[in-house]
Amino acid sequence: KFPGGGLEWGEGIKDALIRELQEELNIDAEISDLLYVNDFFQQSAFRESDQIISFYFKVNYPNLEEIDTRTFEEKGFLEGESFRWVNLTSDLPEKLTFPIDKEVARLLTSF
C-alpha cells in the first residue's frame, strides 16, 4: 500500500499526510498537488460501518535514498510493515491490495 492513513480529530488532509509520512517513513516531506480522489464507494476493510474517501498527493522529498527501506526482518523485528521502492510498471496495480491504491497505480503507470 501507499504510505498514509486516517485523519485524527481536527486534522486537515495535508497535515494528516505530513504526520503519516513522519510516522511511517521518518521524513518531513513537502506536500504538493492533489493527484487523485476516489469517486466511487469503498467500504472500509477494517470497520464495516465506515466508507473510505482517499486523497492522494504528489510529495516532494529530495533525499529519497535516506528512507530506510529494509524489511522488518532485516531490522530485527519478526512482523509488521516494511517499505520498499517499486518501479512504476504496468503490473504494479496487481501487486497492490487495496482497490483505491490499484486505481492510483493505474493512473501513475499511465504517465
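I began at arginine 19, where the side chain of glutamate 11 meets that of arginine 19 in a salt bridge, with 2.8 Å from N to O. For this term I took a side-chain nitrogen of Lys or Arg within 4 Å of a carboxyl oxygen of Asp or Glu. I noted at once that this is a predicted model, in which local features need pLDDT of at least 70 and side-chain atom pairs count only at pLDDT 80 or more, while totals for chains, interfaces and linings use all residues. Residues are numbered from 1 along each chain as its sequence is written, and side-chain values use heavy atoms, with hydrogens and water left out.

**Entry 1: around arginine 19**

I looked up the burial of this pair and found that glutamate 11 and arginine 19 are both buried, where buried means under 20% relative accessible area, exposed means over 50%, and partly exposed lies in between, with a 1.4 Å probe and protein chains only. For arginine 19 the relative accessible area is 15%.

I then followed arginine 19 to glutamate 20, and their side chains form a salt bridge at 3.2 Å, N to O; glutamate 20 is buried, as is arginine 19. Salt bridges with shared partners join Glu8, Glu11, Arg19, Glu20 and Glu23 into one network.

Glutamate 8 also meets arginine 19 in a salt bridge, at 3.5 Å from N to O. Because arginine 19 lies in helix α1 and glutamate 8 in the segment before α1, this pair ties together parts that are 11 residues apart in sequence. Helices (H or I, at least four residues) and strands (E, at least two) are taken here as DSSP runs, numbered from the N terminus. Glutamate 8, at 43% relative accessibility, counts as partly exposed.

**Entry 2: the aromatic rings**

How many aromatic pairs are there? I counted rings of Phe, Tyr and Trp (its six-membered ring) as paired if their centres lie within 6.5 Å, calling planes under 30 degrees apart stacked, over 60 edge-to-face and the rest tilted. By this rule the count comes to 3 aromatic pairs. Since phenylalanine 2 lies in the segment before α1 (13-25) and tyrosine 56 in strand β2 (residues 55-60), the pair ties together parts 54 residues apart in sequence.

I checked both partners for accessibility: phenylalanine 2 is partly exposed at 24%, whereas tyrosine 56 is buried at 12%. Ring pairs link Phe2, Tyr36 and Tyr56 into a cluster.

**Entry 3: asparagine 38**

I found asparagine 38 in the loop between β1 (30-37) and β2, and with a relative accessible area of 6% this residue is buried. The side chain of asparagine 38 reaches the backbone oxygen of isoleucine 52 at 3.3 Å, and a polar atom of that side chain lies 2.5 Å from the backbone nitrogen of serine 54. Leaving aside residues up to four places away in sequence, asparagine 38 touches Ile52, Ile53, Ser54 and Ile100, a contact being heavy atoms within 4.5 Å.

**Entry 4: aspartate 68**

Where is aspartate 68 found? I placed aspartate 68 in the loop between β2 and α2 (72-75), and noted that aspartate 68 is partly exposed, with a relative accessible area of 31%. From C-alpha to C-alpha, aspartate 68 and arginine 84 are 8.5 Å apart in space, and they are 16 residues apart in sequence.

Note on methods:
Polar contact = N/O pair within 3.5 Å; in protein donor to acceptor, adjacent residues only side chain to side chain.
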